[in-house]
Amino acid sequence: MGIVQLRPGRPAPPTLATYAEGLDARRYACPADLAHRLDLLLDPGGTVRVLEVTGRGGVGKSAALREAGRRAERSGHRVVALDARDDRALGVLGGLDAVDGAGVVLLIDEVDALGPALGGVGAAVARLPEDTRLLVAARTLPARWLPEPVAALAVRARMGGLGARDADALLQRYDVDDPAVRSALAARAGGLPLALVLGARAWAVAGERDAAALTRAAGEDLAAHLADAALDRLDPDLLAVVVLAAGVDGPLLADLFPGRVAELVEALRETSVVEPVGNRLVLHPSLADQLAERLRAEEPDRAAATVLRVAEHEHARAAAGESGALPRLAALVRDPGLRAGLGPTTLSSHYADRWRTTDAPVVRRELEGLRPGLWQVVAPWLGEGARVVRRSDGRAVAVVVALAMEAASGLRGPRSRLVAPVLEHARRQGTSDRAVLSAVQLTFGDADEPEVVWVRNAAGLAQCGIGNPRSDHVNLVGDLPEERAVLEAYGYAEVPELRRDVDGVPVTSWVADVGPGGLAGLLHAAVVAEQGRPDGRPDDLVAALETFGVAGAQERAWLRARVDATLAGEPTLHDLVRRRYLTAGATHEAVMRATYLSRATYFRRLRRARELLAAAR
């Protein structure tokens, strides 16, 4: 790639660069959706002039730019490649409009590193010759960085992680011939191409073939490749939170680091491996996994105290009805079954999306192939409100429609046939409080990819609109064996009296009830149990609350978590204990005034709370 000046009449000798380029070309497999967009970009009769490639670090953006350069050179274009992280790049970019020659393809890697200067690049792009093609790679790009009407000439390709089959194929291209090692490396990489490549390199140079040692070596290489010195400059407690939590935001930082939010946000934004995702700042997930293992091995007390403190915060937000807190709380659970049940925790090759009218022919064909009549029963639900799981190329592979049971009670017409029996059963059993109803959930593609079910579950949970559901009622339309196996694995129980046929299609209904603490309580209790007993923890929980203010950080975190778990079903008592014992400087008189309770009521409730806590020790 690039421009090479040769002396006339003398052939170019082979070099290490040309050998490396050829090896890279042989090993690289271009994702289908990216290949399609490259074809659009390089089509001489097309109108696409700008291709934006976005995705997390290590997902293959730079490799995609190299592939684009090879394709452009094969089709006769002149290629100019720049890296925006190079200090000289700004000078070159300042003269973009001076690029001469016909059919130039300009490649700019890490263009988001330019920060505010990106706006100037957009203006310079508008002045380029009309036959110029521009391809930029970035982790994220503003929606309007290109001026109108140039923005109409741009398309975007969002790169995700690799699925299991593609990851295995990549490792085979790198000559990893041991299936067990390929499986171990792929599991550790979580779909990240860079992690797979580094794992393959570790395999190539290893003197032994132990899979565990290889994955450790690959993980250390990944951390060295992605991390920078900014991580070393972060406050150790802040670094622990960023590594162990599923992103940080203002409320979390304000709770854990009072009075320091602005300072810490600025420090995180200056760290290249921390990315803004919505209103949160998130550490690169594969790097976070690697650093989390190191933290647990080198500073187990700090790690345990951090997890418990973050879990306490997220549990409180989930119990207050914030649905986004549940997946973040689940990310703190080490049990893979509980954690995966609420969505993927690493890079994913699938994503949740809304239903589109173009999905109907594909989904109909797939459902009719699963069981005759299935489409006719499910079709009334597949419109506005349905969520679709897609591959990275956009093809639908699963659908889910979930809603609060209270909302389902108002349905009429064809859709009521699937939900009416479940609603009546829940009413009779008294399980309709904070209940979710998954009216339809079906997987019809990529069934061997576990993350399809994970993404589908997360989409359904987000769709239902209940921050902390207590129970989930699920319809299995078609009663497919593979769907039954998933529900049984997650602890659902079938309700035999709800077995029925709808237009000749068998339907079964299943229920999972996690108790008054709801799903947030279940997850929080799992975190507390997994973190174990902190050193020096007193046997008497009630007595320990009296000395909470002088306890160590880990013991305080454990005490908060234990109180939350024990009193999850008693919000009034939980609030009283939190105000009196877990708040610095609190007194009985101050809490009575703040809660407007009489002395008799106050001490009666406090005595009941202490009895529950004493029984839980």
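This is a predicted model: local features need pLDDT of at least 70, side-chain atom pairs count only at pLDDT 80 or more; totals for chains, interfaces and linings use all residues.

Biologist: How are two packed helices described, and at what angle do α27 and α29 pack?

Modeller: In general, two packed helices are described by the angle between their axes and the distance between those axes. Here helix α27 (residues 571-581) packs on helix α29 (residues 599-616) at an angle of about 95 degrees, and the axes are 9 Å apart. Angles of 65 to 115 degrees count as roughly perpendicular, and α27 and α29 are therefore roughly perpendicular to each other.

Biologist: Which residues in α27 and α29 meet?

Modeller: From α27 come Thr572, Leu573, Leu576, Val577, Arg580 and Tyr581, and they meet a set in α29 that includes Tyr602, Arg605, Leu606, Ala609 and Leu613. Sorted by class, this contact of α27 with α29 has nine nonpolar, one polar and four charged residues.

Biologist: How do α14 and α15 cross?

Modeller: The axes of helix α14 (residues 285-298) and helix α15 (residues 300-319) come within 5 Å and cross at roughly 120 degrees, which makes α14 oblique to α15. Leu295, Arg296, Ala297 and Glu298 in α14 meet Pro300, Arg302 and Ala303 in α15, and by class that contact has four nonpolar, no polar and three charged residues.

Biologist: Which residues of helix α2 are buried, and what do they pack against?

Modeller: An α-helix has 3.6 residues a turn, so residues three or four places apart point the same way. In helix α2 (residues 32-42), the buried residues are Asp33, Leu34, Ala35, Leu38, Leu41 and Leu42. They pack against helix α3 and the strands β1, β3, β4 and β5.

Biologist: How many aromatic pairs does a search of the whole structure find?

Modeller: A pair of aromatic rings is described by the distance of the centres and the angle of the planes. The search finds one pair, formed by Tyr602 and Phe603, which is edge-to-face at 4.9 Å centre to centre with 80 degrees between the planes. Tyr602 is buried, at a relative accessible area of 0%, whereas Phe603 is partly exposed, at 28%.

Biologist: Where is Pro147 found, and what does Pro147 touch?

Modeller: Pro147 is found in the loop between β4 and β5 and is partly exposed, with a relative accessible area of 28%. Leaving aside residues up to four places away in sequence, Pro147 touches Gly122, Ala123 and Ala126.

Conventions. Residues are numbered from 1 along each chain as its sequence is written. Side-chain values use heavy atoms; hydrogens and water are left out. Axes are lines fitted to C-alpha atoms, for helices over the stretch in contact, and angles run from 0 to 180 degrees between N-to-C directions. Helices (H or I, at least four residues) and strands (E, at least two) are DSSP runs, numbered from the N terminus. Angles under 35 degrees count as roughly parallel, over 145 as roughly antiparallel, 65 to 115 as roughly perpendicular and the rest as oblique. Contact means heavy atoms within 4.5 Å. Ala, Val, Leu, Ile, Met, Phe, Trp, Tyr, Cys and Pro count as nonpolar, Asp, Glu, Lys and Arg as charged, and the others, Gly among them, as polar. Buried means under 20% relative accessible area, exposed over 50%, partly exposed in between (1.4 Å probe, protein chains only). Rings of Phe, Tyr and Trp (its six-membered ring) pair if their centres lie within 6.5 Å; planes under 30 degrees apart count as stacked, over 60 as edge-to-face and the rest as tilted.
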